Amino acid sequence: EPYRVALYPGDGIGVDVTESAVKVLETAESTFGTFSLEFTNFNWGCNYYERHGILTPPDYAQTLSKFDSIFLGATGWPAKVPDHLTADVLLGLRRQFDQYANVRPARTFPGVKTPLDCDVDMVIIRENSEGEYANVGGRFAQGTPNEVAMQTAVHTRRGVERVIRYSFEVAEKRQRQKLTMITKSNAQRYAMVMWDDIFEELSMEFPHVQAGRQHIDAAAMNFVLKPESFDVVVASNLFGDILSDLSGAITGSLGLNPSANLNPERRFPSLFEPVHGSAPDIAGTGKANPTGAILSAALMIDWLSVDGSASIAGDAIRAAVAECLARGESTPDVGGNLTTAQMTQSVMTRITHK
Ligand code: NAI
Ligand code: MG
């Protein structure tokens, strides 16, 4: 039975890097023969919007729900479509498919210059379904001198527990077995103290994991001063959003980092995408770094093959990408002079010649 993958290449460089990811997956599939994939392409995004006035058909989530997973390139083109419409499409999927764990691995690669001179290998796990982005509140006496705006965070025990539990499970499987939870429980004394309580409770169930806590202000400083000290990091929606961009910044290029929006119970498809956007400034120039998309594809086959049958292929993809970066067989953003298609070809060649 092949895994059925919905491709949503989207706009700008999303289209180029999705093509790279698919080619690399097909190469790994035929080289290793340990998994098989069946792709279905959806041409949604700006072009669809120009013809239909909407980015996707209204029943797009229903359509995608029939797949085993979703691979997204990048969506958005502010000059053509109001950006909030683009965001609504993605937020709609996260919500409907209960993709509450947003997982963003961030690592440095030999051969890629970074702003800080140290090795980083961390995974940020951001709560993706509630918290500070719950959309509760309102503006009262709007526009008057007496205006009051309230933006209320909503943290549920169920929502917090499930993302922290998933983070402990991820930490337990990694070599360093370390989990750091980020809150601001000294100043936010209801919700964030509940995070602390739940973290303490769950840490009893994972005695092998070295569990620690930091406040967001200290964590932001430590991400810059000693990023090598972090292994797995879990945080609420807002803090996780900020820290995951910071983790990307300290590893070299926005083009390098993969991400997964997971429904860990597997009741719904999970969504895999590079961290970067559609990059209208370089779209069509062949300068897009395909690394983030290719590494997202590797995360996807790891996830799909629950029994681990694709993990050798996933590891081979990661090794091939690292070798290309180390040898400068890469795109201009990381100091190389290859095009997207040429770097993709280098990765494929390294996979087949293992
Ligand atoms: P962006 O990530 O598209 O680009 C930021 C800068 O990084 C640009 O200078 C771009 O050239 C560079 N860059 C990004 N990816 C790269 C890659 N793979 N290789 C080399 N350089 C790369 O962010 P921006 O410009 O703020 O947003 C453009 C559009 O993308 C907007 O419509 C935005 O909403 C959307 N977007 C979509 C996301 C998604 O689909 N999940 C995520 C982030 C932004
Ligand atoms: Mg962000």
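**Reading the domains and overall fold**

Modeller: Among contacts in the protein between residues at least 6 apart in sequence, 75% join residues at least 24 apart; two residues are in contact if their C-beta atoms, placed from the backbone, lie within 7 Å. This is a predicted model, where local features need pLDDT of at least 70, side-chain atom pairs count only at pLDDT 80 or more, and totals for chains, interfaces and linings use all residues. Residues are numbered from 1 along each chain as its sequence is written, while chains are lettered from A and ligands numbered from 1 in the order in which they are written.

Colleague: Which domains does the domain assignment give?

Modeller: Domain bounds come from an automatic or database domain assignment. Here domain 1 is 1–107 + 253–354 and domain 2 is 115–250. Their C-alpha centres lie 25 Å apart.

Colleague: How many residues of domain 1 are in contact with domain 2?

Modeller: The size of an interface is often given as the accessible area lost when the parts come together. Counted by contacts, 17 residues of domain 1 meet 18 residues of domain 2. On the domain 1 side, α4 (83–96) and β4 (101–107) each supply at least two residues, and β4 gives the most, with seven. Helices (H or I, at least four residues) and strands (E, at least two) are DSSP runs, numbered from the N terminus.

Colleague: What share of the residues is buried?

Modeller: A residue is buried if 20 or more other C-beta atoms, placed from the backbone, lie within 10 Å of its own. In this protein, buried residues make up 44% of the 354.

Notes:
A residue is buried if 20 or more other C-beta atoms lie within 10 Å of its own, exposed if 12 or fewer, and partly exposed in between; C-beta atoms are placed from the backbone.
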